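Let's take a friendly walk through this model, starting with its aromatic rings and moving on to a helix.

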Amino acid sequence: MRFTLAGILVLIFASVRERKIMLPNREILKYAVPVCLAQTVGQYFFFYIGVAHTSGVKGGIITGLGNFIAILLACLVFRNERMTGRKIAGCILGFAGVVVINLMGNSLDMGFKLTGEGFILIAQLSYGISTVLINIFSRKVSPVVLSGTQFTMGGIILTLIGVGMGGHLGNVTAGGILLILYLAMVSAVAYTLWSVLLAWNDVSKVAIFGFVNPLCSVILSALVLGEVHQAFNAGSLIALLLVCVGIYVVNRRDSSAN
């Protein structure tokens, strides 16, 4: 429901901006279907099942691999851009920051379950594929309409899967409805901006910023939940430094070839 609403909100925004009703045509649908299957359906189906069957530490670390996978796919599989030593170094630094922030005060076991760590890894592969597809398709059609269409389609598919597996809405309250609307707006704004960025930039220059996500989670935990001591310590500063350096290394301009 969240993603269906997000897609509808994006299409409404596109219609208001263009001053006409922006409904997806056959060309949009041709590109939206693979993006929808990879990003909304594939990524979130496997991700939410996976996080329910593994620890937060391992889930956070494996999730960080998604940004690395997106860059590797763009350079080595789809060949949209060239792999360089600078991109590899930036990814390693960013991923190191994710590992540090997730290991603070926690232990890491080496267990592996298909429905846990395996599903999260599949979700990150889906995320990587969708990131590259958005980068390619957003240069052919409107990234905003593409985002709204794939969200709506993906949300409907996930809803049908959820109902088919016995899911239902229990205690519906005004607060719950507002929360769903808020989450839909978060997805609508974040992923539409993501699509627009990917339409104008290389995957590596955008995906590297994904390593900031766990840092934002820690900072928000400090501000909202009062976990100040857990958030603002030496480990967090080291993680922040690693991620920032990684982003700088990937995005800095360099006239010399790598």
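Let's begin with Tyr-31, which is buried because its relative accessibility is 12%; buried means under 20% relative accessible area, exposed over 50% and partly exposed in between, with a 1.4 Å probe and protein chains only. This is a predicted model, in which local features need pLDDT of at least 70 and side-chain atom pairs count only at pLDDT 80 or more, while totals for chains, interfaces and linings use all residues. Residues are numbered from 1 along each chain as its sequence is written, and side-chain values use heavy atoms, leaving out hydrogens and water.

Rings of Phe, Tyr and Trp (its six-membered ring) pair if their centres lie within 6.5 Å, with planes under 30 degrees apart counted as stacked, over 60 as edge-to-face and the rest as tilted. That gives eight aromatic pairs. In one of them, Tyr-31 and Phe-137 are tilted, at 4.7 Å centre to centre and 35° between the planes. Tyr-31 sits in helix α2 (residues 26-51) and Phe-137 in helix α5 (residues 114-137), 106 residues apart; helices are DSSP runs (H or I, at least four residues), numbered from the N terminus. Phe-137 is buried too, at 12% relative accessibility.

Now turn to helix α4 (residues 85-103). Its buried residues include Gly-90, Cys-91, Phe-95 and Val-98. Down the axis of α4, the buried residues fall within an arc of 160°, so they line one face of the helix; the arc is that of the directions from the helix axis to the C-beta atoms. Covering these buried residues are, among others, α3 (56-77) and α11 (234-251), where contact means heavy atoms within 4.5 Å.

Conventions:
Helices (H or I, at least four residues) and strands (E, at least two) are DSSP runs, numbered from the N terminus.
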